[in-house]
Amino acid sequence: MSNLPTTESTISLPAARLARRWTGAKPIPLAISVAIGVIFRFAVPKPAHVSKEAWQLLAIFLATITGLVLSPLPVGAWAFACLTVTVLTKTLTFSAAFTAFTNEVIWLIVVSFFFSRGFVKTGLGDRIALYFVKLLGKSTLGLAYGLALGEMVISPAVPSTTARAGGIFLPIIKSLAISNDSRPKDASAKKLGAYLVQSQLQSAGNSSALFLTAAAQNLLCIKLAQSLGVEIENPWVSWLKVASLPASISLLATPFIMFKLFPPEIKNTPEAPAMASQKLEQMGPVTKNEWVMVATMFITVALWISGWLCQTY
């Protein structure tokens, strides 16, 4: 009896094996990614007019792309690892390798996903969208306007259509559609869901065009203009002044145009405001984290505006 393994030892054995399991880079994807770069660098003949550094950079680039597809490491870790290789092999100088990190467009893209995650985690994005659904959601057209206006409100602080749509509004649209028996990849999608998705997709472009910081490509346009010698005083305010009329008209017209071109089978959604009210009641009062998110959003937008003002003076 004493030689039989106890229940405790039997349970602890798999746990010990799990603890010893490799948690680093995936060996096979890592080997394939590195092998592609090495083979290209040393086995493929280099054209005579291409420099050694340029050929090495192309090899590292191919290894990087392969790694992004096969994922031997998380995307950020793999990117930094490949960037480090460019410096260690003297393919690029340190300043040249990290010059993109001083580009405002890159940081704007990073910030957009930080803010998107903040809106989702605190529930503030859902609350804003549900408020608009509650106010305007008695009809399908009103529902589309409510979602479009809700996205417009948060767009200055979330400079990515993908982050806004995928992280905040698509789950709400899916919930509204399913509650009306409209399901994706099904004939019932035409009842409501297909129209709401199409309307939100087209309206998102108008929100992105309205504010300079609503999309990273807007800032890239400013950079390109400045590189050509165009002087723009306070780009954020100037952009808003110029874009406000066409973007606002487009934002107001898009849901109606889509309603005519891509009409939903369900025209009225009287249950949508009730559903929004119910979800808002379940969420309770605005939490401390949501207030922090609101303050962060306003402070960030204010700093973006005042930053260019400070540069002017």
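The model is predicted, so local features need pLDDT of at least 70 and side-chain atom pairs count only at pLDDT 80 or more, while totals for chains, interfaces and linings use all residues. Residues are numbered from 1 along each chain as its sequence is written, and side-chain values use heavy atoms, with hydrogens and water left out.

Let's begin with the charged pairs. A search of the whole structure turns up four salt bridges, a salt bridge being a side-chain nitrogen of Lys or Arg within 4 Å of a carboxyl oxygen of Asp or Glu. In one of them, Glu 290 pairs with Arg 127, and the closest N and O atoms are 2.6 Å apart. Glu 290 belongs to helix H14 (residues 288-312) and Arg 127 to helix H7 (residues 124-136), so this pair ties together parts that are 163 residues apart in sequence. Helices here are DSSP runs (H or I, at least four residues), numbered from the N terminus. Glu 290 is buried, with a relative accessible area of 1%, and Arg 127 is buried at 4%. For reference, buried means under 20% relative accessible area, exposed over 50%, and partly exposed in between, using a 1.4 Å probe and protein chains only.

Now turn to Asp 181, which meets Arg 183 in a salt bridge at 3.8 Å, N to O. Asp 181 is partly exposed at 40%, and Arg 183 is partly exposed at 41%. Lys 191 also forms a salt bridge with Asp 181, with 3.4 Å between the closest N and O atoms. Both Lys 191 and Asp 181 sit in the loop between helix H9 (161-179) and helix H10 (193-210), 10 residues apart. Through shared partners, Asp 181, Arg 183 and Lys 191 are joined into one network.

Next comes a helix pair. The axes of H8 (residues 140-154) and H12 (residues 235-261) come within 10 Å and cross at roughly 145°; axes are lines fitted to C-alpha atoms over the stretch in contact, and angles run from 0 to 180 degrees between N-to-C directions.

Finally, look at Ala 96 in helix H5 (residues 94-97). Ala 96 counts as partly exposed, at 36% relative accessibility. Its C-alpha atom is separated by 9.9 Å from that of Thr 86, 10 residues apart along the chain.

Conventions. Helices (H or I, at least four residues) and strands (E, at least two) are DSSP runs, numbered from the N terminus.
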